[in-house]
Amino acid sequence: MHELEVDVVVIGAGVAGLAAANVLRTEGREVVVLEARDRVGGRLWNTEIGGEANELGGEWVAPYHRRLRELLPELGIELFPAYREGDDVYVDEEGRAHRHSGDGHGLGEASEQALLEAEAKLDALAKELDPEAPWTHERARELDTMTFDEWLRREVRDAEARENLRSYLADGFLTKPAHGFSVLQGLWAIAGAGGTYELFAPEQCLAYRVVGGSQLIPIRLAERLGERVVLESPVRAIRWDRAGVEVESRLVRARARAAIVAIPPNLTTAIAFEPALPAWRLQLEQAISQGSVTKVLAVYDHPFWREDGLSGEGFAPHQLVREIYDNTPPSASVGVLCTFLPGEQADLVARLDPSARRAAILEGLAAFVGPEALRASDYIEVDWAAQEWTRGAYAATFGIGGLTRFGPYLREPVGPIHWACADIAGVGHMHMEGGVRSGEAAARGVLDA
Ligand SMILES: Cc1cc2nc3c(=O)[nH]c(=O)nc-3n(C[C@H](O)[C@H](O)[C@H](O)COP(=O)(O)OP(=O)(O)OC[C@H]3O[C@@H](n4cnc5c(N)ncnc54)[C@H](O)[C@@H]3O)c2cc1C
């Protein structure tokens, strides 16, 4: 066991923890970052396809990711526009594919109009929220005790518009069924991005990819910290009092004046605190849970759909495979289609044996781009719920009523213990942007204290 004496111990080497450690290092503090995995990046994880980086976790950078985009040039990291030339595809309830230009959603005129109206209602509410404290909205309790499913049934008459909107927010972001989270929780995701356009429109939320893959961001942040980042060293216990902390991990025991716990809040229960955390914090940790998602990358000899004038982007709110994206590397030496199976679809495919799962998912891709999708040369999947040090994705969210009950304490330090994570961020909530902002804010909190 290596013994260390530092100013601050950071637990978790995701973007949040590494952003926090970098602020502290710049301010001349001694830090150590203890990471459970054998790599940095947490929910950002590169793989290699066709000799180029591709992503198993988070990947797209949006225009509203302002702090992140400020940081990238400092880290020597470049972005490239995600491919979206050609037609998108909408697959309807009967499984029929409809090509359409990326301007609309591929719905009938009445449904398109209803969808826009429903988004405008959500935007009007989201505008009234402070993304840093959504629980302060004057109707917070009412909005937090109504499920998003109930709101949809009350507010959106058009069935097709309703199913699309349900799928955008529930499948596309919270990765839980719409009856499993409140309107307020959904509005927080929207307000954190700046609006439904910023959160939902592919040209916004999927605007850019990272040259070298998104894990390059935490890798470069970690390079700045050098030996201050210790891998394969899960933190199992934190002893604390007013004067500081003693953090026990597999390889290092570190004493410090403060700790920043930069892990998803639902994972904090895996750490033994001595003395125990206060009751409000223990309750909060039980009330928040990760969504679930399986990400799939299907690899082809070339991006065949492009020859057919398709963007590789499509949506199918009634099907098992509900969304597809072109994840081809910049050189296009191979073609890559990407999809996500969130929430109940993730549960469903997790129960299939691997070959049946692969067949069902490739079948789902074929519904968008044709039977050539069945002949993938490689197939890669990550069930994020099965990742011990994440246990779900994209983020942790509360059940009904939890956000108003526990939200106000989400970032409240306990003695010398501070908290950071994209899941508790305001602006950039549930995204890399939030991770960076949350980490930097926690570091400033420690410096102020
Ligand atoms: C499939 C998928 C797609 C996504 N798509 C996007 C996207 O396109 N754009 C976007 O902006 N965001 C996306 N996200 C979300 C984004 O990846 C996350 O919001 C962000 O990376 C979270 O960073 P974080 O540092 O807060 O948490 P994490 O990345 O979860 O980092 C926490 C770290 O703590 C470590 N850890 C946990 N417990 C312990 C312990 N006891 N001791 C030591 N270490 C521990 C973990 O191993 C991990 O490295 C996606 C996420 C997923 C999974």
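Let me start with what I call a cavity: on a 1 Å grid over the protein atoms alone, it is a set of points where a 1.4 Å probe fits but cannot get out, and lining residues have an atom within 4 Å of a point. Grid points are joined across faces, edges and corners, and a volume is the space filled by probe spheres set on the points.

Two housekeeping remarks. This is a predicted model, in which local features need pLDDT of at least 70 and side-chain atom pairs count only at pLDDT 80 or more, while totals for chains, interfaces and linings use all residues. Residues are numbered from 1 along each chain as its sequence is written, and side-chain values use heavy atoms, with hydrogens and water left out.

So, how many cavities of 30 Å³ or more does a search of the whole structure find? Two.

Trp60, Ala82, Tyr83, Arg84, Leu206, Glu313, Tyr325 and Asp326 line it. Five of these count as nonpolar, none as polar and three as charged.

Next, the sheet. Five strands form an open, mixed sheet in the order E1-E13-E12-E11-E15. Strands E1 (2–5) and E15 (272–274) are at the edges with a single partner strand each, so one side of each has no neighbour in the sheet. Strands (E, at least two residues) and helices (H or I, at least four) are DSSP runs, numbered from the N terminus, and two strands pair if DSSP finds at least two bridges between them. Strand E11 (residues 235–241) runs parallel to E15, joined by three bridges. Ala237 stands opposite Ala272 in E15.

Now the two residues. Asn164 sits in helix H6 (residues 159–174). Asn164 is buried, at 0% relative accessible area; buried means under 20%, exposed over 50%, partly exposed in between, with a 1.4 Å probe and protein chains only. Beyond neighbours within four places in sequence, Asn164 is in contact (heavy atoms within 4.5 Å) with Tyr90, Leu107, Leu115, Phe315 and Pro317.

Gly426 lies in the loop between strand E23 (417–419) and helix H16 (432–448). Gly426 is buried too, at 3%.

Terms used. On a 1 Å grid over the protein atoms alone, a cavity is a set of points where a 1.4 Å probe fits but cannot get out, and a pocket is an open set with protein on both sides within 12 Å along at least five of seven lines; lining residues have an atom within 4 Å of a point. Ala, Val, Leu, Ile, Met, Phe, Trp, Tyr, Cys and Pro count as nonpolar, Asp, Glu, Lys and Arg as charged, and the others, Gly among them, as polar.
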